[in-house]
Amino acid sequence: MRNWVLFVVLVTVGPMFSMTCDASFPLNEVYALNNFREAIYEDPFLVFSNWNALDSDPCDWSGIFCSMARDHVLKINISGASLKGFLSPNLHLISSLQELILHGNVLIGTIPREIGLLKNLKVLDLGSNQLTGPIPLELGNLSNIMKINLQSNGLTGKLPYELGNLKYLQELRLDRNKLKGTVPASNGSNFTSNVHGMYASGAKLTGLCRLSQLKVADFSFNFFFGSIPKCLHFLPKSSFQGNCLQEKDPRQRSTALCGGTPPAKSHPTQSNNKHRSAEGGARHKATSKPTWLLALEVVTGVIAGSLFLVVILTAINKYKNKSSFIIIPWKKSASEKDHMTVYVDTEMLKDVLRYSRQELEVACEDFSNIIGSSPDSLVYKGTMKGGPEIAVISLCVKEEHWTAYLELYFQKEVAELARINHENTAKLLGYCSESSPFTRMLVFEYASNGTLYEHLHYGEGCQLSWTRRMKIVIGIAKGLKFLHSELVPPFTISELNSNAVYLTEDFSPRLVDFESWKTIIARSEKNSGAISSEGAICVLPNSLESRHLDVQGNIYAFGVLLLEIISGRPPYCKDKGCLVDWAKEFLEVPEVLPNVVDPELKHFKYEDLKVICEVVNLCIHPNSSSRTSMRDLCAMLKSNIDTSITAELKALSLAWAELALSS
């Protein structure tokens, strides 16, 4: 009896013990997880702190859930962690993955088409990120998927018909994107439905009408047009609101936001009648023609049609291959094992003019006319043929350091700059992006009078009279007010100082942002890989996002810039230290305020000086939340400083009077 019990125990427990000891984790899944981590360039909550690239068993890593046997990854759930980066295409190597949940992060780029290879996936949740580009057709291959959540991203293009292949899909959330076209669903002419969403067996269902298990779907706040498919009428009306649909019940976007909708299709019987009558007329005419002429027309038509078809197919193929996205390595390495590609959306630049390197080279005299330089960029002056004078900023980045992250950053920077249009900001005319030779350039309208810094510290003092300085101050304030208050989201200058202010021929200021690349390029050159072997994450700053949050930093810098303009002193020098520290002893004592003024100025208005110093104090308040907004600061300056021609004439007459008295 004892031997029999021992035998039962060994038979029952033995295989489990053997399975636990002998289980070896698939190397390709560990490799895929490490690739996923490498494509994340910022991890503020240190989710990856216990992810060890040298560990062959990832089952104890944060956000990773394995099978009972610890031999496969079944679930990745890292939500609300503010991870910034791309989605690695190599996730498809985790073949047993059932749930991919990355909701509420800051993922950018496009959804990799390789996700469609995850045949066991049941839940795909990429909602509330910043993904762009089209929904891959390959998602229609997720044969076991039950839930797809892509809401609150920046997805574009049409909704793939292939989603109708997902026979187990119960939940589909696509709201708050930029999707367009019709909702792909057709039920045939003999369609009937009941309140439970069950369809008549005789109906010819296509597209989303084939989703017999669908219970929850949300298409709201996109740009869909047409009408709500009958097979989706069981959904609440709110699931379709905020679109361009021809529906009176759910609230739709205005015609202006929709950009017009396609004309309604004519009734099929009418079109058939027209077709028949036209066909009959053609036959009648054909009978009256000689046979040889008819044959010649047919041959000519076939040749022309064939050529036309070839042209159309070539154009479509070219468009598919080149226009929707580009593929760039996340990091470049001699080892194929360390090579990973990421899809980068190019749709965001479709409305921005793209220059060729050759035409910019001609405009800038073979790139010999250099007007500015830094370790990160070169600035050339040029003149477009029959066009305006231009300033071309060429980024000094080696091709081997150019990654998918930098490419997307470049595209976002161009898109950000392209939305700025104000009389006191530099106008972006376009960009240049070429691979041979490697080129990334920004093209701005040129301001012919150089920088404010040059005039304050190297120019002739008489060129910047008090009134002219006040005009420059108000112009800068108006530009910043536009950037901070009138753009959504707001835009801030990465390094606001007198070098970021260019002057036109009539000394009107133009704010420029040439320095936003400094930090990101420096970090990319030092850390072409994002993660060390020990698992420490080298964070690459997202300058575009921080610029939306650094409004208060811009206001402080504006206060320093005001001091620089009225005093003629640089923000910092070795002999006299920090400008703000030097000025503080004068700013709050009215009797000594004039000591702040540039000694080269022969005349200034004390009332203007008081206003300027009051604004400076509001800008440099130690508590950033207590600083006044640019909207209010601009109003203070405009209402209390007179820069009219009359004021300038008065200033000139006083200057001449002082000059006459002194002689």
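**View 1. Strand 16 and strand 17 pair in the parallel sense over two bridges.** In this predicted model, strand 17 covers residues 244-245, and within strand 17 the bridge partner of glycine 226 is leucine 245. Strands here are DSSP runs (E, at least two residues), helices are DSSP runs too (H or I, at least four residues), and both are numbered from the N terminus; two strands are said to pair if DSSP finds at least two bridges between them. Residues are numbered from 1 along each chain as its sequence is written. Because the model is predicted, local features need pLDDT of at least 70 and side-chain atom pairs count only at pLDDT 80 or more, while totals for chains, interfaces and linings use all residues, and side-chain values use heavy atoms, with hydrogens and water left out.

**View 2. Strand 16, residues 223-226, also pairs with strand 12.** Strand 12 (residues 178-181) runs parallel to strand 16, and the pairing has two bridges. Phenylalanine 224 of strand 16 is the bridge partner of glycine 181, and lysine 180 stands opposite phenylalanine 223. One face of strand 16, with Phe224 and Gly226, is covered, whereas the other, with Phe223 and Phe225, is uncovered.

**View 3. Five strands form an open sheet in the order 8-10-12-16-17.** The pairing in this sheet is parallel, and its edge strands are strand 8 (132-133) and strand 17, each of which pairs on one side only. Strands of a sheet pair through backbone hydrogen bonds, either parallel or antiparallel.

**View 4. Helix 9 (residues 466-486) packs with helix 12 (residues 551-567).** The angle between them is about 175° and their axes are 11 Å apart, where axes are lines fitted to C-alpha atoms over the stretch in contact and angles run from 0 to 180 degrees between N-to-C directions. The two helices are therefore roughly antiparallel to each other, a term used for angles over 145 degrees. The contact (heavy atoms within 4.5 Å) is made by residues including Trp466, Arg469 and His484 of helix 9 and Asn554, Phe558 and Ile566 of helix 12. By class, this contact has 14 nonpolar, two polar and one charged residues; Ala, Val, Leu, Ile, Met, Phe, Trp, Tyr, Cys and Pro count as nonpolar, Asp, Glu, Lys and Arg as charged, and the others, Gly among them, as polar.

**View 5. The protein as a whole has 16 helices and 28 strands.** Of its 663 residues, 44% are buried, that is, under 20% relative accessible area with a 1.4 Å probe, protein chains only.

Definitions and conventions
Buried < 20%, exposed > 50% of the residue type's maximum accessible area, 1.4 Å probe, protein only. Parallel < 35°, antiparallel > 145°, perpendicular 65-115°, else oblique.
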